[in-house]
Amino acid sequence: MGLAAAARAVLLLLAVAGVLVRPAAAEIKQESFKDDSRGSILFEKFGFGLKGTVSVSVTGAKASSTLARPEPTQLGFFLLSDESLFEAIYDQPAPTDLNPNPESSPTCVLSSPYVSTLFTFADLDDKGYYNKTFPISHPDEYSLFFANCAPETSVTMEVRTDMYNTNPDGTKDYLSVGMASVPGIYAFFAVCYVVFLAGWLYVTLYRNRLSTHRIHHLMSGLLIARMLYCISAAEDQHYIRTAGTPHGWDVMFYLFQLVKGVILFAVIALIGTGWSFLKPFLQDKEKKVLMVVIPLQVAANIAAAVVGETGPFLQGWVTWNQIFLFVDVACCCAVLFPVLWSMRSLRESSKTDGKAARTLAKLTLFRQFYVVVIGYLYFTRIIVYALKTITNYKYRWVSVAAEEVVTMAFYMFMFYMFRPAERNQYFALDEDDEEAAEMALREEEFEL
């Protein structure tokens, strides 16, 4: 039972992890497997409505074993609903003398009463071909699995999968029930960023042009990248919904995801150093942070693209997912160091420069920025992840909307606090404030 328990644990891991990377979109996919010996392979996880359909086509399927000839009924495809997930994994009875038939062995998930077996290798023709469409009678979120319960057996096959809902007008909808509104969400925020960008360019290029620094132009680039990201995401999800394929928009999606990620972390790091609006140069340690953050962001987005465009059926998919999470967390940590260094530097300079009020204002601003950055990173990495996990599949769009709302709020805060102005929060101070600022600094209200 040790192998069976391990197989059930892997099944649980894949079923839960399958929803955490990208929105649930069942693109029409065709994948090849050669000498694959995994006990279970997760293809898709999809939320079905009242008129859901699963289509599976298998070509050139064959199984080979180092032991006896594998039993065809021990290899096959099945659907597992979220409602039955834990029962299927943990409630299988142990083998007994009353059930000696290996074809109905309780250690094989295909024989579980909690799964819907679609077909097994016993249904294949002589050439290893099978193609059938299965209607979904009970609305729920289902995972499509391939199970290999035959010991020491490897499988070679080509698989094409289609999962979709049928609209009242008869058209197919390849987006999960809870993700149908996602294209509209991205389109709405794309329009918001267009308005945001227009207002920002008016401030930087016309109204306060003389107070604009290089960091403000880089922030303009960030808004452009974010706007293009939302546009490509909306088009990507729209074409997947209507046609089952992104029509090339997935390339643009990952490209602008990379660009906006790199620029965002660069802007946070550079604002943290005070580059261009407090000092015209970067120290060596600040340059090293950028040299670390930018390649890490590139690596994280490459891992995200591999995870998103392949799926859990890829060997090593879990490893790529772990790489993405680790590198993203490393970027989040590294980008905070410049802010801490600036706060420490201001703290030390306040003892000698005689400008306590200005130093206090800068410390206040950097401290607010530091707290907001941590809150933003925490929400988009932890809270959004939790929403994807705990939200009912019918409301999976909530995590996408929440992430976009918080991102917009963070951008508005950052751009407002560090906007170009002749008398910004750094210098809009009177000499009367010096005494109060010195007392605040002495009381170490901003101790790191």
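Helix axes here are lines fitted to C-alpha atoms over the stretch in contact, and angles run from 0 to 180 degrees between N-to-C directions. Keep in mind that this is a predicted model.

**Helices 5 and 6**

With that in hand, look at helix 5 (residues 249-273) and helix 6 (residues 284-309), which pack at an angle of about 155 degrees with their axes 10 Å apart. Angles over 145 degrees count as roughly antiparallel, so helix 5 and helix 6 are roughly antiparallel to each other. Their crossing is right-handed. On the helix 5 side, the contact is made by D250, Y254, Q257, L258, G261, V262, F265, A266, A269, L270 and T273. Helix 6 answers with E286, L290, V293, I294, Q297, V298, N301, A304, A305, G308 and E309. Sorted by class, that contact has 13 nonpolar, six polar and three charged residues.

**Helix 10 and its partners**

Now for helix 10 (residues 397-417), which packs with helix 4 (residues 214-243) at an angle of about 165 degrees, their axes 12 Å apart. That makes helix 4 roughly antiparallel to helix 10. Helix 4 passes helix 10 in a left-handed crossing. From helix 4, M219, L222, L223, R226, Y229 and C230 meet E404, T407, Y411, M414 and F415 in helix 10. The tally by class for this contact is eight nonpolar, one polar and two charged residues.

What about helix 3 (residues 182-207) and helix 10: at roughly what angle do their axes cross? The axes cross at roughly 5 degrees and come within 10 Å. Helix 3 and helix 10 are therefore roughly parallel to each other. Helix 3 brings V182, I185, Y186, F189, C192, Y193, F196 and W200 to the contact. They meet W397, V400, A401, E404, V405, T407, M408, Y411, M412 and F415 in helix 10. Those residues divide into 16 nonpolar, one polar and one charged.

Here are the pairs in one place:

| Helix pair | Angle | Axes |
|---|---|---|
| Helix 5 and helix 6 | about 155 degrees | 10 Å apart |
| Helix 4 and helix 10 | about 165 degrees | 12 Å apart |
| Helix 3 and helix 10 | roughly 5 degrees | within 10 Å |

A search of the whole structure turns up two cavities of 30 Å³ or more.

Definitions and conventions:
Residues numbered from 1 in each chain as written. Predicted model: local features only at pLDDT ≥ 70, side-chain atom pairs only at ≥ 80, totals over all residues. Heavy atoms only, no water. Helix = DSSP H or I, 4+ residues; strand = E, 2+ residues; numbered from the N terminus. Parallel < 35°, antiparallel > 145°, perpendicular 65-115°, else oblique. Left-handed = near helix turned anticlockwise from the far one by under 90°. Contact = heavy atoms within 4.5 Å. Nonpolar A, V, L, I, M, F, W, Y, C, P; charged D, E, K, R; others polar. 1 Å grid on protein atoms, 1.4 Å probe; cavity = no way out; pocket = protein on both sides within 12 Å on 5 of 7 lines; lining within 4 Å. Points joined across faces, edges and corners; volume = space filled by probe spheres on them.
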